[in-house]
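Hello,

Here is the structure I promised to pass on to you. Please open it alongside this email, and then read on for what turned up.

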Amino acid sequence: MTTTTTSTPVARKPVAWGRVALHAGCLAALLVMLYPLAWLLATSLKPADEVIASLDLLPGRLEWSNYETALEGVNDISVGRLLGNSLLIAGGAVVGNVLSCSLAAYAFARLRFRFRGPLFAFMIATIMLPHHAVLIPQYIIFNQLGMVNTYWPLILPKFLATEAFFVFLIVQFMRGLPRELEEAARIDGCGPFRSFLLVILPLTRPALITTAIFTFIWTWNDFFTQLIYLFSPEKFTLTLALRSFVDASSTSAFGPMFAMSVIALLPIVLFFLAFQRFLVEGMANSGIKG
């Protein structure tokens, strides 16, 4: 006796065209955002006659000598010296912002003192103040102090908690921490500074890393402020060296200029890739959400 089994047809799931369209739109947006980077990499390997004359993305022939010329530096200053100057300024700005902004944020978020609310509101209002509005007064002050053509005007303000955005970011993060931790530390004999150093600061690591990443990127790409304060070629950063490269060799240096742009971009990319996980965590847990 044989038995026959009938297989029931499996119902096919309908194609989610909306989801497909969403993914296709995101992919198209990604390609649009990555195109300038691809163009920069391709142009850094183009010969001088193709940079302006050719609209093709890929070079006709690879001109590796652009990177050799870029690595030689400008104005008899090696690219290693320029890179070191940029790292010195960016690193000092990161240390200054992390220290000063975290201290100011702790005062606004956890301590009680008179006029705390108005002072915090005044600090937030400075975010709307354009940087160029205070540039001339700052230049006059640093010029009278004899700090022009040094790195101090680019680093010293970071140690004075002048970046209101980062103070606000860390304040909102600290407000989400339970006060029971500080109360327990106070029972153990910790004062405000030790509570900040041993309890609050380690828990604020995501917001501090977010501050460090943005500070590093913004300082590294800051061309205008460095142009105002730095005159000597030996104190130039990679950002200023790009301008000097064009001035020194005119239109024939487009290939090496783009090659140096790629070199200047690498530290930012590496720094971001190393700390991107903390960046997302810091933005998600800070006051940016409300």
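Below are the notes, grouped by topic. Please keep in mind that this is a predicted model.

An unreviewed UniProt entry lists residues 20-42, 87-108, 120-142, 154-174, 195-220 and 253-275 under "transmembrane region". Residues 120-142 are 78% helix and 0% strand, with 27 Å between the end C-alpha atoms. For residues 253-275 the figures are 96% helix and 0% strand, and the end C-alpha atoms lie 34 Å apart.

Next come the surface patches. Leu27, Leu30, Leu31, Met33, Leu34, Leu37 and Leu41 make a nonpolar surface patch of about 660 Å². One of these residues, Leu34, sits in helix 1 (residues 17-43). Leu34 has a relative accessible area of 42%, so it counts as partly exposed.

There is also a patch of positive charge on the surface, where Arg112, Arg175, Arg179 and Arg186 gather. Of these, Arg175 belongs to helix 8 (residues 164-175). With a relative accessible area of 45%, Arg175 is partly exposed.

Finally, a contact along the fold to look at on your screen: which residue has its C-alpha atom 6.5 Å from that of Ala48? The answer is Phe254, which is 206 residues away from Ala48 along the chain. Ala48 itself is in helix 2 (residues 48-53), and at 46% relative accessibility Ala48 is partly exposed.

Best wishes

Key. Residues numbered from 1 in each chain as written. Predicted model: local features only at pLDDT ≥ 70, side-chain atom pairs only at ≥ 80, totals over all residues. Heavy atoms only, no water. Patch = residues over 30% accessible without salt bridge, like charges linked within 9 Å, V, L, I, M, F, W, Y side chains within 5 Å. Areas by Shrake-Rupley, 256 points an atom, 1.4 Å probe, with all protein chains shown as cover. Salt bridge = Lys/Arg side-chain N within 4 Å of Asp/Glu carboxyl O. Lys, Arg positive; Asp, Glu negative; His and termini not counted. Charge placed at Lys NZ, Arg CZ, Asp CG, Glu CD. Helix = DSSP H or I, 4+ residues; strand = E, 2+ residues; numbered from the N terminus. Buried < 20%, exposed > 50% of the residue type's maximum accessible area, 1.4 Å probe, protein only. UniProt positions renumbered as here; feature names shortened; annotations may be inferred.
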